[in-house]
Each structure stands twice: as structure tokens, then as C-alpha cells.
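Please keep the view open as you read.

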Amino acid sequence: MRKTKLIAAVAGAIAVATAASACGSSSSGAVNSSTSSFNAGMTTVVNPSSHPGGVLRMAMASDWDSIDPGNTYYGFSWDFIRLYGRSLVTWKQAPGTAGLQLVPDLATDTGQVSPDGLTWTFHLRDGATYQDGSVVTAADVKYAVERSNWGQDTLVNGPGYFKNIVQDKTNYRGPYLDKNPADGVSGIEVDGTDTIKFHLTRKFSDFPELAALPSTIPVPRAKDTGANYYKSVVSSSQYEVSSYVPGKQAVLVPNPNFKSSSDPDGIHKVTADKITVQLDLNQDQLDQELLHGQLDVDLGGTGVGTTAQSQILANPALKSQADDGYTNALTFMTINTQVKPFDNIDCRRAVEFAVDKTTVQSALGGSIGGGDIASTLLTPNMSGYEQSNRYPTPGNQGDPQQAKAELATCQKAEPGQFTGGGMLNVKLSARLDRPKEVNSAVAIQAALALANINVEIEKYPSDKYFSAFAGNDAFVKSNKIGLSMMKWLADWPDVFGDLDQVITPDGIHPGGGSTNLGDYSSPKVQQLFGQYLGTNDAATRARVGAQIDQQAMDDAAIVPLTYNKALEYHPANVANWYMQPAFGMPDFSMLGVSGS
Amino acid sequence: MLTYIVRRLLAAVGLLLVVTLITFWIFYILPLWAGQTPQSLAAAYVGKQQDPLALRAVVDRFGFDKPLFAQYFDYVIGIVHGRTYSDGVSLIHCNAPCFGYSFKNYEQVWPTLLSRAPVTVSIALGAGVLWLVFGVLSGVISAVRKGSIADRVSMGIALAGVALPVYFVGPLLEALTGRWNTTYVPFLSNPFQWAQHLSIPWVALAFGYAALYARMTRAGMLDALNEDFVRTARAKGVRERKVLYRHALRSALTPIITIFGMDLGAVLGGAVLLEVTFSLPGLGLLAINSIQQDDFPVVMGVTLLAAFFIVVANIVVDVFYAVVDPRVRLA
Amino acid sequence: MSGRHSRPNQPSNWFQPARVASEPEGRPQPRGAEPERDGPAFLEVRDLNVHFPTEDGLVKAVDGLSFTLRRGQTLGIVGESGSGKSVTSLALLGLHKRPDKRGRGGARIRGEIRLDGEDLVAAPPERLETLRGEKLAMVFQDPMSAMHPYYTVGEQIAEAFLVHNRASKAVARKRAIEMLDRVGIPQPDARVDDFPHQFSGGMRQRAMIAMALVCNPQLLIADEPTTALDVTVQAQILDLMRDLQQEFNSALIVITHDLGVVAELADDIMVMYAGKAVEYGPAKAVFTDPEHPYTWGLLGSMPRLDRAVQERLLPIPGNPPSLINVPSGCAFHPRCGYAQMAGGHCRNEVPQLVDNGQGTLVSCHLWPQQRRGLFAEHIAPKL
């Protein structure tokens with residue numbers, strides 16, 4: 001899960017309180033010369049323009065975890081960061097399934113893998129420079145990967161995928177604890193100024209996806225100030241960060257030393273003279289400014305709030321400027337395989353059959369803005385997604401009879417866990433400051449009651465949900481939390497990027513902070529992941545990806561609830577607007593303003 | 001008088017120490033009592049993959065595993081003497097008053113507070129002037145024309161003002177004025193825009209206070225107009241207008257100014273609801289966002305600054321009282 | 001009043017004006033043994049009514065009051081609280097709140113108050129503002145609350161001067177110092193900058209008097225001028241007022257619940273009960289030959305030095321009447337010990353204020369002979 005916005009919860013509560021007063025007539029939202037239509041951004045680039053100039057005014061209801069490419073884990077950040085940093089590869093700037101392809105950016109191709117599958121080689125583009133005009137070298141990319149993955153003593157936020165699979169014979173402690181520039185990760189080999197090779201400990205066919213992470217955005221060692229690097233990020237892309245004040249504002253201006261010759265595919269084109277990002281706005285206020293043309297883009301990437309959503313849906317002119325796309329996030333409920341009686345698969349299957357997904361969907365906000373009813377772990381945007389439903393129920397409304405039958409089987413094996421009347425008492429955790437999540441927990445409670453499962457809802461604050469409560473093994477076991485509400489946003493849109501941290505031991509952290517809330521691990525799944533990462537054949541990967549999904553569903557470790565969607569609005573003057581499917585949000589890397 | 005102020009200031013320092021102790025206890029110690037461990041506290045600061053190095057580093061930086069009194073002692077020493085932090089790359093000397101170091105943004109807390117303070121001060125001063133002027137004015141009119149239409153209307157509005165929270169009034173004003181631009185502009189960069197952009201937040205914040213002040217002023221004026229010394233002034237032949245403002249208002253205003261000082265002190269500590277409603281990047285919004293992000297050092301800093309404003313406002317008010325009312329003797 | 005012995009030169013029967021004349025200090029006697037009602041009156045009050053409409057009914061605080069006063073003369077108005085004395089004085093100054101446009105609230109004032117021939121009841125508020133402080137002034141009881149706590153004594157005296165005189169602040173301040181000096185404040189040029197709370201009770205009352213006299217008013221009204229003061233200071237203040245009155249030749253009205261206060265000071269005494277005058281005549285006559293049972297009550301409840309300590313005061317039984325439901329007939333009859341002697345008259349008929357033949361007006365249904373007899377037999381021996 002790339003962290004979603006904590007502040008949105010508070011802002012949302014205030015938005016609800018103010019909804020009554022704030023929702024006057026919205027007919028003043030000027031929409032005249034638009035050629036857009038509802039969901040046009042799902043299939044086409046709306047209002048395409050290469051017309052340079054103007055100020056692109058962005059805002060969001062939260063702030064970055066960090067703008068340092070080696071220290072950020074927010075989805076919008078990975079999307080936006082391409083404006084001031086070039087990773088080796090990136091996601092294609094195209095809507096629909098084309099957008100799920102990787103294309104080279106700083107590298108000349110998406111990576112050459114050795115026949116044994118253990119070495120990946122990238123060559124850097126000629127003429128790639130930093131904002132000070134100096135040349136980007138392969139050593140800088142190596143350093144960037146080292147600092148972000150091995151230097152987590154200082155850069156605590158970012159992902160550490162490279163560290164898990166790249167060879168490291170010297171047990172490197174990272175550039176901040178080991179200040180000798182001669183030391184480094186032995187498995188990352190630099191050849192000349194423009195070739196970099198990664199030697200892996202095992203086959204890893206998702207390596208191009210790793211190369212698309214901000215971890216590979218080059219950082220010159222001489223300019224690195226560790227945790228303070230965010231104050232002076234050195235740009236390698238078309239814009240540079242001219243100022244960033246946490247909690248207030250970020251300003252980007254074109255990087256004069258950017259050479260378009262180093263970007264033959266035209267990924268980085270300056271379309272605005274300046275990009276401003278206001279931070280920590282109230283979501284409701286932000287939405288209104290967006291609808292009234294005082295802002296151009298909501299950088300949060302999680303869609304408009306409920307007030308604006310109803311305004312947009314009620315007004316065809318506004319609706320034609322909106323897109324309701326999948327966010328690549330899944331809302332689901334985990335069933336803890338280590339908490340009795342859910343170590344018994346029949347008890348888990350009973351829960352799978354008992355849940356009424358239609359009531360949960362309403363609780364989460366309905367189809368638009370909420371999501372579509374889910375029956376798989378992979379969401380429809382992802383490669384490997386295959387429609388299937390292991391626990392079909394009439395109209396998705398749950399099947400209490402089938403659930404009771406499963407429960408009866410379970411009761412025979414685990415009679416001690418049931419009350420005299422054959423009732424099962426379980427606890428369901430949810431985040432108390434997320435009203436939609438709590439409401440969906442209540443819906444589940446009602447559905448499970450029909451199947452003789454008595455649910456007690458335990459609510460915990462979202463900021464400690466993983467570290468201290470639902471993701472803390474000791475807490476879960478001592479409090480017998482059998483069920484947990486969960487929402488997960490894929491790191492990248494395939495089975496590994498989505499599910500590695502959710503259904504494998506990689507997501508289990510005994511000291512707290514687990515994201516595999518069900519403590520689920522299956523040798524079969526592990527074996528399938530090995531198979532998945534061991535082949536570079538796209539068709540095989542897609543097939544195995546679907547198998548992993550279905551295996552986890554067969555084991556009834558997770559109850560998928562909805563494939564999340566977000567309603568994104570774009571004012572008519574915003575150019576090059578479309579929904580990037582790999583990020584599950586608008587592509588922020590090429591937006592501009594037109595017709596100023 | 002001077003010794004009095006010095007003594008009050010010393011007492012204020014003691015009070016602020018107690019405030020630091022309590023806030024420190026709430027943020028750093030209460031969670032441990034509630035069953036959290038240094039590791040689980042640190043887990044909230046680390047990316048989702050929970051790198052052990054990162055966890056260890058966070059524990060070290062915050063000193064979560066140090067004895068509690070040592071953590072608190074370090075904190076207080078930092079305030080009076082400064083202290084040194086490591087951000088992993090270099091040592092950062094944080095000069096006194098060192099209110100800690102935010103490992104969220106890798107900034108010292110004190111400069112962060114100073115950068116946010118102008119917004120809150122702008123809000124407080126502008127709104128304060130508005131609510132004082134309009135509150136007192138309508139209160140006086142109501143009292144003098146007690147029972148008149150003007151009295152009933154303004155007291156009706158005042159009742160509404162007391163009852164309606166700023167997060168209702170704010171969006172209402174925005175809707176009425178048609179998407180007023182409320183982005184903060186520093187006073188020094190453009191005073192006109194500063195005032196223009198802040199005017200709606202000022203009105204929104206001042207409305208409730210003005211209502212309260214109108215009611216207090218009205219009650220105070222009605223009391224004052226029944227005072228013997230007002231009758232004396234009339235018996236001397238002093239003109240009615242002068243009786244009102246020189247004799248009645250002067251004594252009715254004293255408690256109002258006292259409360260004004262306290263209210264202003266509280267608003268200076270962060271007009272949280274207003275700043276959230278209008279997304280004004282002041283101390284209140286900083287506090288809210290820092291709480292959301294578990295940025296304890298900043299939260300503690302804002303809390304202390306707010307306490308400081310209130311304590312200082314108390315002293316100022318007491319001294320002011322002594323200056324205005326010759327019967328009050330400071331000792 | 002038990003502190004009275006601290007003034008050694010006080011006559012034993014000190015309240016009687018006739019005896020005051022024999023004082024070793026040789027104070028001048030109060031003039032006018034008889035009220036001179038046919039002389040040129042400076043203040044003439046005719047049939048004054050002050051009524052307050054309230055939610056409970058009409059409060060008749062002053063009901064048909066008439067009296068006159070000449071320059072240099074002193075009138076004492078005596079009565080219990082609620083008898084209408086203070087309401088009368090505020091009416092003289094025009095300090096009652098007027099009813100609003102729809103006739104609600106405030107005081108309804110009818111009758112005539114002629115000051116130097118000018119009717120104050122009919123005068124516009126602005127005219128009264130001009131007259132107040134200049135031509136007629138007032139000394140209030142409890143100077144602690146009657147003076148503004150935030151302004152210096154000097155500022156408050158100077159303000160009274162500046163309201164009616166075009167003068168610089170420096171001149172006004174000088175005038176304030178003069179006045180403080182005149183009323184006997186030591187070191188007036190230093191004390192002028194003191195605040196009221198820095199003055200003692202007696203000094204505050206002197207300052208109040210200074211404030212009232214700063215424009216040489218021709219009519220001075222003193223409402224309970226000595227009530228809040230201890231006995232020694234009372235006497236000093238009374239002396240001061242008498243001296244000043246003679247110096248300025250002003251008319252003086254002293255309002256008090258304590259007959260003792262006006263004993264030395266007043267030429268005429270008017271005893272009020274329930275908004276009406278019940279006995280009105282020369283001070284000497286009222287003290288020596290009081291005719292109204294209520295006056296007897298007042299005299300009887302007055303503490304005296306020559307009375308044996310163990311003798312108890314004779315309070316007037318009962319409470320002052322409600323001014324909304326004033327008792328029928330004579331308002332005093334429920335408390336009057338002699339009401340049955342006049343048959344049903346006292347309960348049924350309002351007694352008229354009539355001359356007893358010796359210059360005193362009395363409103364009582366008893367025959368004059370009855371009254372004199374009762375006083376001589378039952379009352380005088382106990383006084």
C-alpha cells in the first residue's frame with residue numbers, strides 16, 4: 001500500500017460538517033469550449049496540446065512523505081516525480097491497456113536480461129544531464145539505488161525491493177553508516193559512465209517494474225545530504241524544484257539544462273512555465289476551487305470528496321469533465337489464518353459466503369466514487385487479472401445457507417470455538433477515522449449475523465492501525481482479531497507489485513507494521529510466485545498471476561469487497577489529461593494549461 | 001510593578017515547564033503505558049516494508065528506548081541550552097530555544113513555528129480588531145437603545161453568532177462571496193492582497209467572537225449605566241454622549257479588554273478550526289497536520305507556543321488591568 | 001450613632017435647634033423659626049407626581065408633593081427608605097429616565113418644579129443638562145460608588161467645572177485644587193491627583209461636595225450626605241455644608257432618614273411617607289411639637305446620648321408600604337398606634353395636609369388637640 005492520505009479523513013469529516021452550507025448552486029463553473037465527455041480520459045488524451053506556457057496550479061489535501069526520490073512511497077508522488085526525475089524506465093504515457101506497458105526513459109531500453117535471468121543490464125541515454133548541466137552517470141543511478149534501499153537508517157520511507165533481490169556480498173551498510181565512497185553493493189556493477197548491471201540472487205522477471213521505481217532516479221553522491229536531500233533535490237528531468245515548504249507549497253520551474261536530445265521518445269515536454277502545488281488544503285475547499293477554475297489539478301489522485309462528487313454527478317457540464325476510473329486499490333477483509341477458528345478453512349469459507357457485497361458497496365459510496373464489487377485480488381486494470389468468483393452468491397448478496405453449511409463443517413473440527421447455540425463470536429478490526437470503512441464493517445456484521453457469526457467491531461486509529469493494532473502480530477493474537485478491514489493500493493499493476501506485501505511472508509513483520517493482516521502464507525503461492533518471477537514470457541506471467549490470485553482465493557484468506565474507483569475532475573483548460581492505468585490516477589507528468 | 005512582572009514571568013516559566021511535562025507525557029509516555037513498544041512507536045514512521053535499519057534509526061533519533069526522565073530532561077535542556085541531533089548524515093546543532101527536531105521534514109521545530117506564526121498572527125490581529133470594534137459597537141448601541149429594534153436585531157444576530165461554529169460560517173461566507181480567494185499572502189509582499197485574501201477568514205472568525213463581545217458589552221454597559229458614578233456624571237451636567245463613552249463605557253470596557261487579551265492569546269496559539277476551514281498554513285493547521293503525521297516534536301512545539309501565548313496574554317492582561325484600574329495594585 | 005460621644009462639645013439634647021444656640025462654639029442659629037411661604041420662593045414645587053409604570057402596576061413613588069424653598073434656606077426631607085425622598089431629588093435634577101416613544105418604561109412626572117420661575121418638568125433634556133451642575137447640584141450618598149473609580153478626584157471635579165465653563169484644563173485643575181482646599185482637604189495640590197479609593201470616607205464626601213459646588217450652584221441637594229460616614233466625620237461634613245451654604249447663599253435640600261442630621265441644619269422639615277408629605281413645617285416646631293404619629297415614630301427611633309443605655313430604641317412597627325398597593329385612607333394607618341381613635345376615617349379617607357394653626361402642615365385625621373395631648377402624655381416623656 002502506498003500510503004493514502006491521512007489528512008483526508010479529518011478533512012472529510014469537516015467536509016461533511018460543511019456540506020450543508022457549501023453546496024450552493026454550481027452553475028457558475030464555466031464549462032464552455034470543452035470537447036470532453038464523462039470517462040473520456042479513460043480511453044483518450046483529452047484536450048491534447050503542446051502549447052507551452054501558463055501556470056499549472058495544483059493542490060492537494062495532504063503533503064508528500066518526502067519529495068526525495070529515494071524516500072517516498074506515495075502513489076501521486078511516484079506519478080508526479082517524473083517531472084523532476086528520470087527513472088531508468090517508466091510507464092507509457094497512454095490510457096487503457098497501453099498504459100500498462102513499460103517504456104525506457106533514462107535508459108535506452110527496458111532492460112536486457114542475461115540468459116540465466118540473474119543479470120539485468122541498462123544503458124543510459126546520451127546527453128542526460130542534471131539541472132546544473134553536469135552529466136548523469138551510471139554511478140549516480142547505482143548510488144541512488146544504494147541510498148534508497150540500503151540507507152534506510154536515514155531514508156526511512158521508500159520501498160526496499162532492490163535490497164531483497166540484488167546480490168550484496170559485502171553486507172553493505174549503506175552510504176550513511178559506511179561513508180567510504182569506495183564501498184557499495186557488490187551486485188550493482190557500473191561499466192563506464194552509461195552502463196549499469198544488476199546481479200540478482202534469484203530470477204526476478206518484474207525487474208523492469210523495479211527499474212520504474214523512483215529509487216532509480218539518479219542522485220549525485222556529492223550532492224546527497226541524506227534526509228535533508230529533499231531540500232535540494234537535483235533534477236534530472238524537464239522541471240526542477242524551485243522551492244518546497246512542507247505543509248505549504250511546492251513550486252517547479254523548467255530545468256534550463258534539460259536536453260530534449262536525451263529524450264528521443266518525447267516523454268518530458270515542458271508545457272507550463274511554472275507548476276505550483278498548494279499543500280494541506282481542506283479537500284472540500286480544494287474541490288470547490290477546482291470546480292470554479294481557481295485550481296487546475298488535484299494532485300492527491302484519490303478523487304473529489306463527497307460534496308463535489310454529488311455536484312459533479314448532478315450537473316452534466318461538470319460530469320463531462322470527470323473520469324471515474326479504477327485506482328488499482330482493492331478494499332477487502334482479511335481472515336486471519338493464525339487466529340482460531342480461522343485456521344480452519346471451512347470457517348474462512350463460511351465468511352466468504354456470508355458477506356453481502358452489495359451492502360458493503362453502498363457503505364463504501366456506491367459504484368461511482370466507491371467501486372465495483374470484487375471477487376478477485378487483482379483489480380481489473382492489472383496484468384494477470386482474470387475474472388473469476390470462487391464464492392458466488394445470488395446477486396452478490398451473500399448466501400447464509402451455504403455459509404451455515406461451511407460453518408457446520410468447521411464446528412465439527414473446532415467445537416470448542418463455538419457457543420452452545422452454534423454461534424461463532426469473532427472480532428473485526430476497522431479504522432475508526434475512516435467512516436466508510438466502519439460502515440462497511442457494520443454491513444459485514446449484519447450479513448454475518450445471518451450465518452450465525454456474531455461480529456464485534458473493534459475500531460482503531462488509522463495512523464497506528466498497522467504498527468500497533470491490526471498489523472501487530474502480538475496484539476492481533478492476544479486480542480483474537482480474526483477479521484480485519486483493509487485497503488491496499490498496488491505498488492505496480494501486476495501480481496507481484498500488488499500482492500507480494502499482502503499474501504506472502506514479505507508482508508509479515510513480527511514487531512508491528514505487517515501489511516499481510518491475515519498472516520497468510522501458502523507454499524503453493526510461494527511456488528507460483530517463484531514461477532512468475534522466473535519467466536519473462538508475458539503470457540505465462542499473466543496466466544501464473546491469475547493462478548496466484550485464485551490460489552489465495554481458494555485458501556479463503558481474503559474477502560475481496562470492491563475494486564476501488566475515484567471520480568477525478570479536470571477543468572476544461574487542462575491539457576493532456578488522461579487516466580494512467582498503472583498509477584490508477586491522472587498522469588501528472590505531461591499536464592499543461594491551454595487557451596490562457 | 002517591575003518586580004511584579006519579573007515574578008509573573010518566572011512563574012510563567014514554571015508553568016510552561018509543567019506544560020512541557022504534561023505534553024511530553026501525553027505524546028511519548030502514555031502510548032508506552034497503553035502497551036506500545038519503542039518498536040511499534042517507530043513502526044509508524046517507517047515505510048511499509050519495515051526495514052529493520054530504518055526502525056532502529058527512528059528509535060535512536062527519538063530516543064524511544066531511553067529512560068523516560070532522560071528523554072524529558074534532554075528536551076528541556078534543548079529549550080534552554082540547545083542540543084545536537086544527528087540526521088544520519090551530519091550533526092545538526094539546534095540552538096536554544098531548541099524545541100526539537102522534526103524527523104518528518106528534517107527541520108528544526110523552532111524555525112518551522114516561526115515560519116507559520118505570521119499567518120496565525122495575521123489572522124488573530126485582523127479578526128481581533130474586527131470583533132472588538134463590531135462587538136463593542138453593537139453592544140453599546142444595544143445597551144443604549146435597550147429594547148429597540150436595533151437592540152433586538154443585533155442581539156438576535158449575536159445569538160446566531162455565538163451558536164454557529166466557524167466551519168459553518170466560513171463556507172457560508174465563501175458561498176455568498178462567490179469563491180473568494182483566501183490564499184495567504186505575506187503582509188510584506190503585498191499588504192493589499194494580504195488584507196483582501198484574509199478578509200473572509202477574518203469575518204468568519206470574528207463573527208462568533210463579535211457576537212460574544214456584543215452580548216458582554218451590552219450587559220456591561222447596562223450595569224455601568226446603573227452605576228452611581230454615571231448618575232453623578234449626569235448630575236454634573238455632563239452631556240449624555242460623553243456620559244456614555246467617558247464614564248459608562250470606560251468601566252464596561254475594562255473586563256472586555258481583559259477577555260479580549262485572553263481570547264487573542266488563545267487565537268495566537270492557532271485558530272485551528274479556521275485554519276483548517278480555509279487551509280491557511282498557520283500554527284493551527286501545522287498542529288493538525290503534525291498530529292496526523294505523528295510529528296511529535298512539532299506538535300509539542302505548537303502546544304508550548306500556544307501555552308506561551310496564553311500565559312503571556314495573562315500577564316499582559318493583568319498589567320493592563322493595573323494600568324487601567326487604579327484600584328488594582330500589583331504586588 | 002453611639003460614637004457621638006467622641007465629640008465632647010456636643011450638647012446633650014443636641015437635635016433641638018433651640019439648644020444648639022447655646023453651644024459654646026457660638027454657631028449662628030438657623031434662621032427662620034417659621035417657614036416663610038409667602039416670600040420670593042427660589043424653588044417652588046407644586047403637586048409633584050413621579051409615577052413608574054411597571055409590569056406589576058403603577059408605582060406612585062411621589063404623589064402630590066408641594067414645597068417651596070428660598071435662597072439661603074435649608075429644607076430637610078426626612079423619611080424611611082422608599083418614602084420618595086430620593087425620587088423627589090432625582091426629579092428635581094431631571095435625572096429620571098423618560099418613557100420611550102410608546103410611553104413605556106421610565107418615570108411619568110407631572111406637576112411643576114419651578115426653579116427661579118422656570119418649569120423644569122416641561123423643560124427639554126438639553127436645558128436640564130445645562131442647568132445640572134451649574135444652577136442646581138447634588139451630593140450623593142456613598143461617595144465611593146458615586147465617584148468614578150478610574151479618574152482622579154481632581155479630574156472629576158475639573159470635569160464638573162469644564163462642562164459649564166469655557167476654560168483650559170489647567171484652569172480647571174486649579175479650580176479643583178481651590179475647591180478641595182475650600183472643603184478642607186489637606187495638601188489639596190497633592191491630593192488632587194489621588195484616585196477616590198485613596199481618600200478616606202470623609203474626604204471622599206468632602207470631594208463630592210467640592211464637585212457639587214465647583215460651579216457655585218444656587219440649589220444644592222444632598223442625598224444622605226453623611227450616611228456612610230462615622231459620627232465624627234458626619235458632624236464635620238454637616239458643619240462644612242452649613243458653612244458653604246452661608247458662603248454661597250444657596251438653597252439647600254438635605255435628604256435623610258435620620259432626623260438628627262437635619263436637626264442642626266434645616267430651617268424647614270418635611271416628613272415624607274409613601275410618596276406624600278405627612279408633616280411639613282419649621283424645623284423647630286417639628287422637633288419640639290411634632291404632630292404626626294409617624295414623626296413621633298421617627299423621633300422615637302432616633303438614638304440619643306442622654307438616654308440610658310439599657311433603654312431600647314422604639315422602632316416603628318411594621319414595614320413601609322408597597323407603593324403599588326398603597327393602603328387605603330391614610331397610608332400610615334396600618335402602622336399607626338392611634339388609628340382607632342379617629343374611627344374609620346384613617347382607613348377610608350385620605351387625610352389632607354392642613355395647617356395646624358401654628359405654621360406646620362400636618363396630614364392626620366386626629367384632632368390637633370388629640371395629637372398634642374397624645375404627644376405630651378405618651379411620647380415626649382419617652383424621648
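In an unreviewed entry, UniProt lists residues 9-30, 119-141, 153-173, 193-212, 252-278 and 298-324 of chain B as "transmembrane region". UniProt positions are given in the numbering used here, feature names are shortened, and annotations may be inferred rather than shown by experiment. This is a predicted model, in which local features need pLDDT of at least 70, side-chain atom pairs count only at pLDDT 80 or more, and totals for chains, interfaces and linings use all residues. Residues are numbered from 1 along each chain as its sequence is written, while chains are lettered from A and ligands numbered from 1 in the order in which they are written.

Two of the listed spans show how the record sits on the model. Residues 119-141 of chain B are 100% helix and 0% strand, with end C-alpha atoms 33 Å apart. Helices (H or I, at least four residues) and strands (E, at least two) are DSSP runs, numbered from the N terminus.

**Chain B as a whole.** Chain B has 13 helices and four strands. Along the principal axes, its C-alpha atoms fill a box of roughly 85 × 55 × 40 Å. Of the 331 residues in chain B, 47% are buried; a residue is buried if 20 or more other C-beta atoms, placed from the backbone, lie within 10 Å of its own, exposed if 12 or fewer, and partly exposed in between. Among contacts in chain B with a separation of 6 or more, 66% join residues 24 or more positions apart. Two residues are in contact if their C-beta atoms, placed from the backbone, lie within 7 Å.

**Two domains in chain B.** The domain assignment gives domain 1 (2-108) and domain 2 (110-330) of chain B; such bounds come from an automatic or database domain assignment. The C-alpha centres of these two domains of chain B lie 33 Å apart. Where they meet, 24 residues of domain 1 of chain B are in contact with 21 residues of domain 2 of chain B. On the domain 1 side, α1 (2-33), β3 (101-102) and β4 (107-108) of chain B each supply at least two residues. Which element gives the most to that side? It is α1(B), with 13 residues. By class, the domain 1 side has 16 nonpolar, five polar and three charged residues. Here Ala, Val, Leu, Ile, Met, Phe, Trp, Tyr, Cys and Pro count as nonpolar, Asp, Glu, Lys and Arg as charged, and the others, Gly among them, as polar.

**A helix pair.** Two packed helices are described by the angle between their axes and the distance between the axes. The axes of α12(B) and α13(B) (residues 296-324) come within 8 Å and cross at roughly 145°. Axes are lines fitted to C-alpha atoms, for helices over the stretch in contact, and angles run from 0 to 180 degrees between N-to-C directions. In this contact, L283(B), L286(B), A287(B), S290(B) and I291(B) of α12(B) meet V298(B), V299(B), V302(B) and L305(B) of α13(B). These residues divide into eight nonpolar, one polar and no charged.

**Between the chains.** Two pairs of chains are in contact, and chains A and B share the most contacts. Chain A and chain C do not touch, with their nearest C-alpha atoms 41 Å apart.

| Contact | Residues from chain B | Residues from the partner |
|---|---|---|
| Chain B with chain A | 41 residues | 47 residues of chain A |
| Chain B with chain C | 18 residues | 24 residues of chain C |

Towards chain A, the elements of chain B that give two or more residues are α2 (38-43), α3 (52-62), α7 (166-177), α11 (272-278) and α12 (283-292). That side of chain B has 21 nonpolar, 14 polar and six charged residues. Towards chain C, α9 (228-235) and α10 (240-268) of chain B each supply at least two residues, and α9(B) has the largest share, six residues. The side of chain B that touches chain C divides into five nonpolar, four polar and nine charged residues.
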